Amino acid sequence: MAGAFAGSVGIGLPCSTKLSHTTSSRSSRFARVKMAVTLDEKKNFTLKKSEEAFNAAKELMPGGVNSPVRAFKSVGGQPIIIDSVKGSHMWDIDGNEYVDYVGSWGPAIIGHADDEVLAALAETMKKGTSFGAPCLLENVLAEMVISAVPSIEMVRFVNSGTEACMGVLRLARAFTGKEKLIKFEGCYHGHADPFLVKAGSGVATLGLPDSPGVPKAATYETLTAPFNDISAVESIFNANKGEIAAIILEPVVGNSGFIPPKPDFLNAIRKLTKENDALLIFDEVMTGFRLSYGGAQEYFGITPDLTTLGKIIGGGLPVGAYGGRREIMEMVAPAGPMYQAGTLSGNPLAMTAGIHTLKRLKEPGTYEYLDKITSELVEGLVAAGKKAGHAICGGYINGMFGFFFTDGPVHNFEDAKKSDTAKFGRFYRGMLEQGVYFAPSQFEAGFTSLAHTSEDIQHTIAAAEKVFKQI
């Protein structure tokens with residue numbers, strides 16, 4: 001379905017269009033975890049233990065967390081401390097149960113703690129957790145990635161999306177002999193210095209335009225444009241002729257909330273890069289294997305020169321990867337002079353979890369099912385919000401979605417910032433009390449999984465209807 005939008009709700013578009021879907025029964029294949037209680041039966045909601053644990057954590061770790069968005073700074077209230085996860089659900093240390101739409105920020109596309117993945121990991125661990133040397137599992141996952149992702153002819157595994165983006169930028173500069181980079185406002189490509197310019201996501205959540213400690217020299221060659229604005233990109237190329245090494249972008253923005261590209265935007269970007277002898281890099285850390293088995297590039301029918309991956313390809317374990325055309329990748333050491341290395345890169349546990357996750361995603365009906373449940377969720381949320389009198393818009397593509405408290409449309413980060421973030425905070429806290437866990441920031445996409453059920457979706461919509469009336 002390359003080049004077509006699965007989500008006819010769209011960001012800021014009417015939600016009256018009903019999609020037709022190919023349905024498939026997942027009951028025997030995917031774990032079902034039912035809500036233990038209904039909305040009316042729910043026990044008193046308390047976060048006493050989470051509060052105690054978080055207060056202790058603040059004395060041990062900056063802000064009490066190891067990644068800023070987890071601190072609930074943009075939504076207010078008490079951060080929850082998770083005890084366990086299974087399928088589409090999670091439980092905190094106070095015993096509260098939630099339907100989870102974060103999925104560990106994307107990796108849990110087949111559901112948390114999948115039995116087959118856990119069994120495979122247990123077998124792999126018998127041989128050891130890390131070798132610091134080549135293992136056969138690297139070949140297996142590499143072959144799967146190369147066969148799935150159109151742009152990738154060779155791949156290098158690393159340990160995070162940030163590391164993948166650091167490596168791919170160095171590679172693009174090495175291959176082209178040029179230094180300037182175009183990125184888009186609100187797109188996040190990890191916390192490496194060159195990318196922390198109008199980076200959206202956690203930076204936006206904290207209200208920081210950039211990060212202290214990043215020298216001007218590190219970002220001097222980083223040029224920015226609004227997402228979906230092709231004329232702005234043309235102007236940058238015209239003002240920097242022969243100097244731009246690459247454009248990097250999230251083909252569907254997930255770090256300013258969910259923002260899809262306008263029709264022909266990606267085509268126009270691809271054309272511009274070819275005309276200006278620059279590389280096109282798709283950051284598919286979020287969208288890879290989520291919008292389709294071949295990622296956003298397969299879904300939209302646009303093949304970049306280089307691609308970064310993460311999240312799903314590690315099945316919930318730390319992982320990242322970058323890959324692309326063979327002639328470019330052969331510049332990476334030890335095949336070529338562009339140096340990059342990693343102690344735990346290609347470790348057997350991450351490779352095992354990735355292999356078994358991708359096997360499941362390749363089964364027939366996978367993305368049709370994700371489309372079905374995500375459409376039900378987003379259409380239900382938007383309809384409930386509008387019925388309660390709120391300005392709201394939302395969109396989705398298969399297993400990735402988002403919504404904003406504004407009428408829309410939302411085409412870029414500036415549009416996203418028009419959302420009523422105070423209202424989102426109230427909505428977020430209300431939904432937590434009703435047993436629904438969304439990302440604790442207006443500027444983050446949400447994720448569904450194969451483990452989500454129609455019961456999960458109906459519970460979420462019913463909870464939203466109740467909360468919308470309260471806020």
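Which residues are buried in helix H2 (residues 115-125)? In this helix Val117, Ala120, Leu121 and Thr124 are buried, where buried means under 20% relative accessible area, exposed over 50% and partly exposed in between, with a 1.4 Å probe and protein chains only. These residues cover an arc of only 100 degrees around the axis and therefore lie on the same side of H2; the arc is that of the directions from the helix axis to the C-beta atoms. The model is a predicted one, in which local features need pLDDT of at least 70 and side-chain atom pairs count only at pLDDT 80 or more, while totals for chains, interfaces and linings use all residues. Residues are numbered from 1 along each chain as its sequence is written, and side-chain values use heavy atoms, with hydrogens and water left out.

The buried residues of H2 pack against H3 and helix H11 (348-361), contact meaning heavy atoms within 4.5 Å. Helices (H or I, at least four residues) and strands (E, at least two) are DSSP runs numbered from the N terminus.

An open sheet of 7 strands has the order S4-S10-S9-S8-S7-S5-S6, with mixed pairing; two strands pair if DSSP finds at least two bridges between them. Strand S4 (154-158) and strand S6 (222-225) are at the edges with a single partner strand each, so one side of each has no neighbour in the sheet. From one strand to the next, the twist averages 20 degrees. Strand S5 (residues 180-184) pairs with S6 in the parallel sense over 4 bridges, and Ile182 has Leu223 in S6 as its bridge partner. Helix H3 (residues 136-148) lies across S4 and strand S9 (306-310), at about 125 degrees to S4. Axes are lines fitted to C-alpha atoms, for helices over the stretch in contact, and angles between N-to-C directions run from 0 to 180 degrees.

Another open sheet, of 3 strands, has the order S11-S12-S14 and antiparallel pairing. Its edges are strand S11 (393-397) and strand S14 (446-447), each with a single partner strand, so one side of each is left without a neighbour in the sheet. S11 is joined to strand S12 (residues 400-404) by 5 bridges, and in S12 the bridge partner of Ile397 is Met400. Helix H12 (residues 366-387) packs on this sheet and touches S11 and S12, its direction making about 180 degrees with that of S11. Cys393, Gly395 and Ile397 point one way from S11, Gly394 and Tyr396 point the other way, and all are buried.
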